[in-house]
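This report describes how some parts of a protein chain are arranged. Please look at the sequence and the structure first.

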Amino acid sequence: MQKQLKLVTLLIFVVGLIIVFSNSTYRMPGNQQNYEPIQPIDFSHRLHAGEMDIPCQYCHYGASQSRHAGIPATSVCMNCHKYVSATKEAFQLEEKESVFEGRETESITSVEISKIYEAMGYDSQGEPIEGKEGKSVEWVKVHNIPDFVFFSHKPHITAGVDCTDCHGDVSSMERIKQTEDLSMGWCLDCHRKDHESLDNAPERTQLLLDCATCHY
Amino acid sequence: MHKEKKYRMNQMTEATTDSVVGPADLETTTTEWNRRDFLKTAGFSLAAFMTACSKTPVNKAIPFLIQPEEVIPGKAYWYASTSHACGSGCGVLVKNRDSRPIKLEGNPDHPASQGGLCPICQASVIELYDSKRIYNPQVFRKGSTWAALDSFVLKNLNKTRKQGKQIVLLTETITSPSIKFYIKKFLKKYSNASHVEYDPISYSAILDAHEVNYGTRFLPQYDFEKADMILSLDADFLGTWLSPTQFTKDYRKNRNLDSKHISKHIHVESRLSITGAKADKRIVKSPAEILQLVKDIESALQKNGEHGIATNIAKELKHYKGKSLVISGINDIGIQILVNRINKFLGNIGKTVLHKNPSFQKSGSDNAVSQLLTDMKLGKVGALLISDVNPVYDLPEGESFGELMKTISTTLLFTTKKNETAELCNVICPLPHYLESWSDDEFISGLLSMTQPTIRGLGDTRTFRKSLGDWIGYEDDERILIRNYWKKIYSTRKKGNLSFNQWWDNLVHDGFVNIKEKSLSIGRYKQGSVPKSNFNNGMTLIAYPSLQMLDGRHAENPWLQELPDPISKLTWDNAANLSPKKAKELGLNQGDVVKISSNGNSVEMPVYIQDGQSDKVVAVSLGYGRKGTERFKNLGPDWIQKKVTLDEGELVGERVNHLLERNDNTLTFSGISVNITKTGKTADLALTQTYNTLKNPENTAPPSMKVRPFIQETTFGEYKKDPSSGAHHGHQVVTLWKDDHPYEKHHWGMAIDLGACTGCSACVISCQVENNVPVVGKDEVFRRRDMAWMRIDRYYSGDGEDVDVAFQPMMCQHCDNSPCEPVCPVLATVHSSEGLNQQVYNRCVGTRFCANNCPYKVRRFNWFDYAHNDELENMVLNPDITVRSRGVMEKCSMCIQRIQEAKIEAKAKGIPLADGDIKLACQQSCPADAITFGDLNDKESDISKLVEDPRHYHVLEELNARPTVGYLTMVRNREEEKGGNHHG
């Protein structure tokens, strides 16, 4: 009887552990998988990277040259949004309405794009306002790694790793989301593999298992 | 038009046009970074790097508003510029990361400094981010604007002119041709104005002696490369004298062991300097005896009298006629005239002593300062404009100078920091740090060095040149003031036939350009008469510039304060250095506080017992006791047993400038008669090394090892006979380990040439800057908790005055059989596949087993979170290196970040890593090229060749830790075999 009780207690404990660990809300400290914070501007990667098919490195130009891929400066947004102030549909609608109402077609600016103009210190038409200083957009950083880890984008781009390998299918994300857990085990999964599929993999992946590859 | 661009140029230069530069050009400044942008990136970096380990922190990522051209966050850019920290004008490369300068390295192309950089210049980068700098103009100690300040100054200058009183510009040596030009214009506008130059560490006697001998006041250029025989009379030319980096580079070139002969260096001095430590023959004499010796040498050269040691030296000098060099660092006209005579007699002029391209590094005049003092006493001076000197501290008459300043109606100071003189000035014009300003300087005739801003000014500061320009009606931008000046005169001085724009662009890109030498009207040689010197024969004071502090202008620099003196290993203090014999005679122990008094002035400081020093001198370093150092009061971690670094109102060290004397007008730094009395008080000295020799204690020494063989030493003659001479043989090694670490790709290794190392400590500071090594404060150093990854061990052999000194840079030896690795219970220190011993901070739990098991004692433990509270100062941190937190072990990583970067770069370019692609921080900064690093697997690499060199050995070889850091036997150029094979 005693023995059985012990067994049952143990069983309950193990089942309890399984429940706790299998629960999707449990994670190791620092693990931010599926982190999808609300951003100051509702920027859609689906629209830009997916529908418009803009290459990742048009905006994140640091990736091939530096540690950081970088978040584009607001001035980079303005390269296009100097001319594009709302969606095509919105323009078509405005044109239809203006014809219907028998008035001049007005230029329109979408709510989100006006935030870019605001940041640049421009008016709602995208024209500079005399004497007004801009203020950078404060994005919420999604992919965080601890400061004792030194991750550099550059060698990964050199080796031919695809952006989506780590960042997921960004072109289908309305709001950017961390798809992988970015844990050391996850890094090593890849570093241990034989990378025949990569264009320009290091000759011996083994070498990149040294602690000092990332920790210094 | 351009050669390949290696470095960045300040963007302002790229908008150069042929027309005279006007306001249109200035508009390009809008693309420059302003303070806001700078803070924004700073915020980005902080947000990005400094936060970790808390549960889902919300980090902000703030990009640029407007993308600056060519700037990519996370990528380092380099600018060529010039260092203004120590006055010798070394060319530097400024590493700029996310818009902030974080490291200075010597510019390898610069003809004078040739890639080396002294510790002071390296450390000066932290002063840029000093939050206690003066950032705004002040009038009567109240914040003001430049416009208000200018009108105030101009009003007062005009008033002074009307009163018929003098306007005096008191400056340090001016090396900038454009400033000289604007000063000339200023003096023309104010006919009652005069310009006085002085150097706190005075070289006036050399200049004055040349005036006696050659009719012109100038400082020649010395060529140590061509000198086969060097006689230095108390000139610390490898440490602090004139241009140490340049001299070390040149000196080293003539000590190449592969050549038939190497230079011979005889050093005569009263205290022990690092130059004396390197000398082949070191003679200890008191200043009065040195004077006698020079006189004897001079007469022994002329006729064959019998003067003992002088005859021998004279004989050797004669042997090297035209290839010898005699110099003296003693500021005494008599000695300097004798030195000039000797050099003339030996035919060294034009060969090792160059008159054609003299040095402009120092041109101050002690006479002029004395004259100024007299004028001030007579009330003739109505306005005193001081630029970047601190006369109240520097001058022996500082106190009375300060009193006299109060009687002058207009006193103005250009300065970067609050100092003794600033307290007494009506008007303060804040100067920018040299990393945020433009300048053109001709430190050596014919070599024009460029200084360009590498960051937009952090405060509302203005250079001396710009202020002068504004006051005399040249209201142009700083750069344009310089550019316009050179545009006017470049055709008379340029070499080659580049257009002005190309010439200017080259100048800004390379950081220097060769121009035609300024012709001096050097008269015919005159014998001159030797004036009387006033060196006392009894107990005298020697006040010397220390390698860390020089004249004290960098006293607020925590890195330099914590840098151990290469000889005494003392930090955070200056001490009264006494020879062991003298200390015994006076009944003094190390740490006893004594009172040194002379002519009614006195100073109290602790005694440090220094081997190898004359019994007749007490040596004290200058540059301490600076106001402004009280800021270090609470430096160091807070904990229950904390002792404050400084008591209330106390300063770091003691000022001794008031004990200095004038002989005639010339400032005397040595031979000053003093009295030493015991006070009965004691003080703690924060030393980083407390043992001086490698001798085993007699009662415990094994018969085979009276002296520990860490330092191997031989003579040049012996080396030529047998390159392995001096080596310690016969260690039997047993190993526990299998040879199962093949190191297939790279195997990093390092070799340090003890023959080349001068102990100058440039590597120590370079390592500190590169690797975010914290400053811990005096109390922690006293508790042996200093954090330097790299230290320079110093060992004496011999007794009394006659000691030999050896320096041994010591850092993690990256042993192949690392003793630290097997004892770590959490695998926080493990071996890499490239032969490096890695320290993994995030794994370390702080058992300190590894440090206890390290035979080299190179591991440092973070007992505390060391202060990083000053957000501005944090800008200097290297973002590529973790800032270590409390409870983890750390040590030299062999600059793994540099290795990684070079590998990534090579991979991106698709070329294999070449030997020399990776330069470690210590190696890069070494003025003596003593450090070699490379891949041991590459048989053609420099390091592989050195490992095969018969001079190569390992420290503690018998432990079979198999270090990958090796040392090369020290070779001195002397006849007699001294001390056998071992240093002891």
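## A parallel pair of strands

Strand β10 (residues 229-233) of chain B pairs with strand β11 (residues 264-269) of chain B in the parallel sense, over five bridges. Two strands count as paired if DSSP finds at least two bridges between them. Helices (H or I, at least four residues) and strands (E, at least two) are DSSP runs, numbered from the N terminus. One bridge joins I230(B) to H265(B) in β11(B).

This is a predicted model: local features need pLDDT of at least 70, and side-chain atom pairs count only at pLDDT 80 or more, while totals for chains, interfaces and linings use all residues. Residues are numbered from 1 along each chain as its sequence is written, and chains are lettered from A and ligands numbered from 1 in the order in which they are written.

## The sheet and its helices

The open sheet has four strands in the order β12-β11-β10-β13 (chain B), with parallel pairing. β12 (281-284) and β13 (324-328) of chain B are at the edges with a single partner strand each, so one side of each has no neighbour in the sheet. On average, neighbouring strands of this sheet are turned by 10 degrees against each other, direction ignored.

Helix α11 (residues 309-319) of chain B lies across β10, β11, β12 and β13 of chain B and runs at about 140 degrees to β10(B). Axes are lines fitted to C-alpha atoms, for helices over the stretch in contact, and angles run from 0 to 180 degrees between N-to-C directions. Helix α12 (residues 333-345) of chain B also packs on the sheet, where α12 touches β10 and β13 of chain B, and its direction makes about 175 degrees with that of β13(B).

## Two helices packed together

Helix α10 (residues 287-302) of chain B packs against α11(B) at an angle of about 55 degrees, with the axes 8 Å apart. α10(B) and α11(B) are therefore oblique to each other (angles under 35 degrees count as roughly parallel, over 145 as roughly antiparallel, 65 to 115 as roughly perpendicular and the rest as oblique).

Among the residues that meet here are L293(B) and I297(B) in α10(B), and I313(B) and L317(B) in α11(B). Residues are in contact if their C-beta atoms, placed from the backbone, lie within 7 Å. The contact of α10(B) with α11(B) has eight nonpolar, one polar and two charged residues. Ala, Val, Leu, Ile, Met, Phe, Trp, Tyr, Cys and Pro count as nonpolar, Asp, Glu, Lys and Arg as charged, and the others, Gly among them, as polar.

Key: Contact = placed C-beta atoms within 7 Å.
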